[in-house]
Amino acid sequence: MAEDNRRERTVLGGGAMLEVIKPGLETSVQDFPGRLGFWEQGFPPSGPFDMWSHRLANVAVGNREEAATLECQFIGPTLRFRHDAVAAVTGADMAPTLDGRPFPMWEGVAVKDGQVLALGAARTGARAYIAVAGGIDTPPVLGSRSTFHMAGVGGMGGYALRAGQVVPVASVAASPGRHIAEKNRPPIGNQREWTIEAVRGPNDDWIDAAGHEVFLSSRWKLQAKSNRTGFRLDGPPWTFTELATRKRPEHGHDPSNILDHGYPMGAVNLCGQTPIILVVDGPSTGGFINPYTVPSASFWKLAQSRPGDIYRFVEVSVEGAQKMRRHIDRQCMEV
Amino acid sequence: MIYEEPRLRPGGDRCFEVYFGDEMSFDLNFLVHSVCGLVRNARIKGIIELIPEMASMQVSYDPDLISLQDGMREVLSLFRSIESMEALELDSRMFYVPILYFDPWTRACVDDYRAKIADKEWDGDLLVRLNDLTGLDQLRRVHAASDYWVAALGFWPGLCSLMPLDPRSRLVAPKYNPPRTWTPKGTIGHGGAITCIYPDQTPGGYQIFARTPMPIWDREQRLAAFKDSLALFRPGDRVRFQPIDREEYDYVDAKVRDRSFKHNVVEYQRFSIRNYHRWLKTIDESERF
C-alpha cells in the first residue's frame, strides 16, 4: 500500500515525461542492441534500425548508447516536455523545432518543462532519433524496451506512439552543449542511389555464377511495401545451381525453398524471385534461401533510404564488414 | 542425409549457419539440439544466441569478442566431441495440451476463407482423404496418439514446429494457397509433415482442424508459466495432446480467463535416442490407430 502511494505521488508530482501531441507516422521506442536471448523462441532483436544515429543521439545527451530513444519514420512526432531536460535529434532531417524555432540537430539541447519539440516530414533520409537525457523509461519486456510491432511487444504497450500518450523518461541531471561533429555522423544526404555492402552467404552456393553477376551488377529498386520487418526489392530474375533445382522434396518446390533454417539479420532473403532484405524485426526462421547478407555497418543506409530508391550491391568480405563496423564504433566513441 | 561434418557458412558480420544435413528427420533434429546444448553449456565468450532449426543451427556472435574462424572452430570441435549418436540424451519437458478436435472456431475460419478468398475442401476431410483414413474419428485418434517433438520455434514468436514421435501418427497435408489472412489463437494446424499451434491470431497456411484453450503465448505474462518469457515452448520440449469435449474446453477457458489455470508440464524426463530407436523397432509403422 505504502509503495502504491509512493508510485502515485511520483506520477502526480510530474515525473520526467513526454506528452505525445502528434504521434508522427510511426514513432517507436527502441533501445540498443535490442532484445537479445529470445531469438530461438522467435523474438527478433528489434532495436534502432539506424544504430549509428541512435547511438550518437545518446552520446549527445550524455546517455549510455544502450538507452532507449524514439525512432521516427518519415514524419516525426510533436512532443511536449513535462520536465526540464536535455534532448538531441539525429538521423534524418525532419526540420525539428522547439516552440516553433529551429532546433539544432546532432547536439544536446536544453529544453524547459512545457516546451514543444516538433518534427515534420523528412527532408533528407527517412528515420530520425530523439534522445532525452536519462533515456526513455518504458518498462522493459524480456530485458529490452525495444518495440516489436508485429507481435505487440515492448515500447509503449507494444506499438507505435499514439496521440495523448505520456512517455516516461528516467530523469537525470545533464548538461547541454555536446555536439556531434559532421565527420562522426552517418553521411545522410539527398541521395536516391545507394551502394550497399553485402557479404556472400549463407546460401551463395545455391546461386550460379550468372546469378551472382546479375545481383552485383543490377540496379535494385526498393518497393513501397517495406518496413522494419523487410525491405522488398524489384530487379532482374535470379538463376540457380543444382543445389536449388535438384534437392530433396522436403526443401519445397520452388528453387528458392530450403528446409526451414535461421535467418540472420540483414539476410537477402530470396522469396521466389523477390529478394527481401530482412532487417531489425525480421522473422527468425523460414524456408527461403539467403544468398547474401547485408552487414550491420550498412544498416544505416537501409534505414535512411526511401521507397523508389535504387540499391547497387557491392561484395565485401566478413573481415571487411567487421572493419566497417569498428569504424562506426569509433565514430560513436570519439565524440 | 546427415553430413559427416556440418557445413558452416557465414551470414553477414555477426552470424553463421551450421548445416548438419539436408533431410527432415527426427535423428537429424535431435543432433541439432544436442550440439546446441553442447555450445550453450560451453559458455563460449562472444557467442550470443543460437537458433536450432530442423536441420541446422544459427549462431550469432559478437565480433569484438570472438572471430568468425574461432566461433566456427569451437562449434566444430564440440560436434566432433560427440562419440556416438546413439548415446545422445536430452532433458525434455512434456506439456499436456487439451485439444478440442473439429471445433466451431476453426470451422468458422475455414468458412470465412472459402467465402472470401478461395473455395476449398474442408481441412478435416482433406486430411482424412490424403492420408487414407476411415473418417474424422480416426483422424482424431491418429493425431492424438503420438507425443510430439518441438523441433523448432520461429517465424512468429512462440510458433512451434511439432514432429510426431510415433511414425504411426505421421500425416501429410499441403499448405493453403493463397494463405489465410487470419487464424484463431490456439488453433492446431498441419502442413507438410508438421503440426503447429498458433500462438496468437495470425495469418497462416496449415490445414486447421482443432483448437486448444491453453495459451502458449501471453503478451501480459499473466500466467505462472510465462514468468520467464512470453512464449511457452522451447526447442526440445514435447507435447501430448489430450482430446477434450466442449464442456471441458469452456472449463479450461474460464480458468485461463480468471488466471487460475496452471499448465500441466512434466520436467523430470530425459529423452534417450537409443531407447527411442529401440522402441521404434517394436512397432509396426504401417499400423494406424
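Predicted model: local features only at pLDDT ≥ 70, side-chain atom pairs only at ≥ 80, totals over all residues.
1. **Chain A, overall.** Start with the secondary structure. Chain A has 6 helices and 19 strands. Its C-alpha trace spans about 70 × 45 × 30 Å along the principal axes. Now test that against a simple rule. A compact globule with 335 residues would have a radius of gyration near 20 Å. Chain A has 21 Å, so the value agrees with the rule.

2. **Chain A, inside.** How many of the 335 residues of chain A count as buried? The share is 53%. Look next at the contacts between residues at least 6 apart in sequence. In chain A, 76% of these join residues at least 24 apart.

3. **The largest nonpolar core.** This core has 165 residues. Which residues have the most contacts inside it? They are Ala87(A), Ile130(A) and Ala131(A). In soluble globular proteins, nonpolar side chains tend to be buried together.

4. **Around Ala87(A).** Leave aside the neighbours within four places in sequence. Ala87(A) is then in contact with Val61(A), Val109(A), Val111(A) and Leu117(A), among others. Its list of contacts also includes Ile130(A), Ala131(A) and Val132(A). Two of these names, Ile130(A) and Ala131(A), come up again among the residues with the most contacts inside the core.

5. **Trp206(A), a loop residue.** Find Trp206(A) in the loop between strand E12 (193-200) and helix H3 (209-217) of chain A. Is Trp206(A) buried or exposed? Trp206(A) has 22 other C-beta atoms within 10 Å. The cut-off for buried is 20 or more, so Trp206(A) counts as buried.

6. **What surrounds Trp206(A).** Again, leave aside neighbours within four places in sequence. Trp206(A) is in contact with Phe240(A), Thr241(A), Leu243(A) and Ala244(A), among others. Ile289(A) and Pro291(A) are also on its list.

7. **Chain B, overall.** Chain B has 7 helices and 16 strands. Its C-alpha atoms fill a box of roughly 55 × 45 × 40 Å along the principal axes. For 289 residues, a compact globule would have a radius of gyration near 19 Å. Chain B has 20 Å, which agrees. Of its 289 residues, 42% count as buried. Among contacts in chain B with a separation of 6 or more, 63% come from residues 24 or more positions apart.

8. **Two domains in chain B.** The domain assignment gives domain 1 (2-82) and domain 2 (94-282) of chain B. Their centres, taken over C-alpha atoms, are separated by 28 Å.

9. **Between those domains.** In chain B, 9 residues of domain 1 are in contact with 10 residues of domain 2. Helix H1 (26-42) and strand E3 (47-52) of chain B each supply at least two residues of the domain 1 side. Which element gives the largest share of that side? H1(B) does, with 4 residues. By class, the domain 1 side has 6 nonpolar, 2 polar and 1 charged residues.

Notes. Residues numbered from 1 in each chain as written. Chains lettered and ligands numbered in written order. Core = buried A, V, L, I, M, F, W, Y, C linked by C-beta atoms within 7 Å. Buried ≥ 20, exposed ≤ 12 C-beta atoms within 10 Å, placed from the backbone. Contact = placed C-beta atoms within 7 Å. Domains from an automatic or database assignment. Nonpolar A, V, L, I, M, F, W, Y, C, P; charged D, E, K, R; others polar. Rg over C-alpha atoms; globule rule 2.2 N^0.38 Å.
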